[in-house]
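User: Hello! I have a model open on my screen and would like to talk it through with you.

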Amino acid sequence: MKKTLLTATLLLPAFFGFAQFQKGNKVLGFGLGFSTYKGENQNNNTSPVNKNQSFNFSTELGFATKENALHGFFAGAGYGENKSESNQPIYNLSKNQNQSLNVGYFTRRYKSLGKGFYVFGDLRGGYNYSENKNVNVNSTIRLENTQKTHTVNISAFPGIAYKWSNRFLLEVRTGDLISLGYNRSINTNSSNNEKFVGNNFSFNSSLGLGFLQNIGIGARWIIGQNKKS
């Protein structure tokens, strides 16, 4: 019995002490998306030609200051365009363009659950800029409306991670526990040169049923891992 207790005492720290990172590690994650579409009625010259395309990119780089802590930066950009164009019976063009850019800082702490599994908490703050432009053109008139939005946001969310190997980390995150945001939008209309400015403050929480409706799954690459953990 004493031998069993002694063995358990010696193995318990090893079981729960599975090092998440080594100090100095860098943890990289990124995402990339692209799509394009073109649709037209080849039997009817009066039908408009519809074209859609979109592109988005995101990346996140964290630095391990402890074996269970990351601090780092994230950034992302996106662009999309929807266009409908027709020459018959008169020329008509309808186009929508949108683009976005976001940057920010995050800090994350991990707690071991054993056998390579961890629970983590993530706190981050960032800035987002987005621009949406609508253009309508025909043979006699051109209308253009542009909306620019600046947003500052702070959010916190939990998740579960699994260290698949010394190089790769798999993660599942839930919706934000809490999110605070402020945005300022400027809407400009070219037809009458009017400008409308709006300010909005938001507070959101997913402590209810919506908590599990926004789930993200991803993988991260651990750079600089040179010892077994």
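Predicted model: local features only at pLDDT ≥ 70, side-chain atom pairs only at ≥ 80, totals over all residues.

User: Which residues does Ser35 touch, not counting residues up to four places away in sequence?

Analyst: Residues are numbered from 1 along each chain as its sequence is written, and side-chain values use heavy atoms, with hydrogens and water left out. Ser35 lies in strand β1, and contact means heavy atoms within 4.5 Å. Leaving out residues up to four places away in sequence, Ser35 touches Asn52, Gln53 and Ser54.

User: Is Ser35 buried, exposed or partly exposed?

Analyst: Buried means under 20% relative accessible area, exposed over 50%, and partly exposed in between, with a 1.4 Å probe and protein chains only. Ser35 has a relative accessible area of 36%, so Ser35 is partly exposed.

User: How many bridges pair β1 with β2?

Analyst: Strands here are DSSP runs of E with at least two residues, helices are runs of H or I with at least four, and both are numbered from the N terminus. Two strands pair if DSSP finds at least two bridges between them. Strand β1 covers residues 26-39 and strand β2 residues 49-66, and Gly39 stands opposite Asn50 in β2. The two strands are antiparallel, and their bridges number 14.

User: Which residue in β10 is the bridge partner of Val27?

Analyst: β1 is also joined to strand β10 (residues 216-223), antiparallel, by three bridges. Leu28 has Trp221 as its bridge partner in β10. For Val27, the partner in β10 is Ile222.

User: Which residue in β10 does Arg173 stand opposite?

Analyst: β10 is joined to β7 as well, by six bridges and in the antiparallel sense. In that strand, the residue opposite Arg173 is Gly216.

User: Which strand gives the largest share of the lining of the largest pocket?

Analyst: A pocket is an open set of points on a 1 Å grid over the protein atoms alone, where a 1.4 Å probe fits, with protein on both sides within 12 Å along at least five of seven lines; its lining residues have an atom within 4 Å of a point. The largest pocket has a volume of about 760 Å³, volume being the space filled by probe spheres set on the points, which are joined across faces, edges and corners. Of its 30 lining residues, the closest to the centre are Glu60, Arg124, Phe157, Arg173 and Arg220. The largest share, six residues, comes from β5.

User: Which residues have the most contacts inside the largest nonpolar core?

Analyst: A nonpolar core is a set of buried Ala, Val, Leu, Ile, Met, Phe, Trp, Tyr and Cys residues joined through side-chain atoms within 4.5 Å. The largest one has 13 residues, and the elements giving two or more of them are β3, β4, β5 and β6. Phe21 has neighbours that include Val27, Leu70, Tyr110, Leu169 and Ile222. The residues with the most contacts inside the core are Phe21, Leu70, Tyr110, Ala161 and Leu169.

User: How far apart in space are Thr149 and Ser130, C-alpha to C-alpha?

Analyst: Thr149 lies in strand β6 and is buried, because its relative accessible area is 13%. Residues that Thr149 touches include Asn128, Tyr129, Ser130 and Asn183. Thr149 and Ser130 are 19 residues apart in sequence, and their C-alpha separation is 5.3 Å.

User: Which residue in the turn between β8 and β9 has a positive phi?

Analyst: Strands β8 (residues 178-189) and β9 (residues 194-205) run antiparallel and are joined by 12 bridges. Asn183 stands opposite Asn200 in β9. The two strands form a hairpin with four residues between them, and the turn residue with a positive phi, about 60°, is Asn193.

User: What is the phi of Lys115?

Analyst: Most residues other than glycine have a negative phi. Lys115 sits in the loop between β4 and β5 and is exposed, with a relative accessible area of 64%. Although Lys115 is not a glycine, its phi is positive, at about 55°.

User: What share of the 229 residues in the protein chain is buried?

Analyst: The protein chain has one helix and 10 strands. Among its contacts between residues at least 6 apart in sequence, 62% join residues at least 24 apart. The buried share of the 229 residues is 26%.
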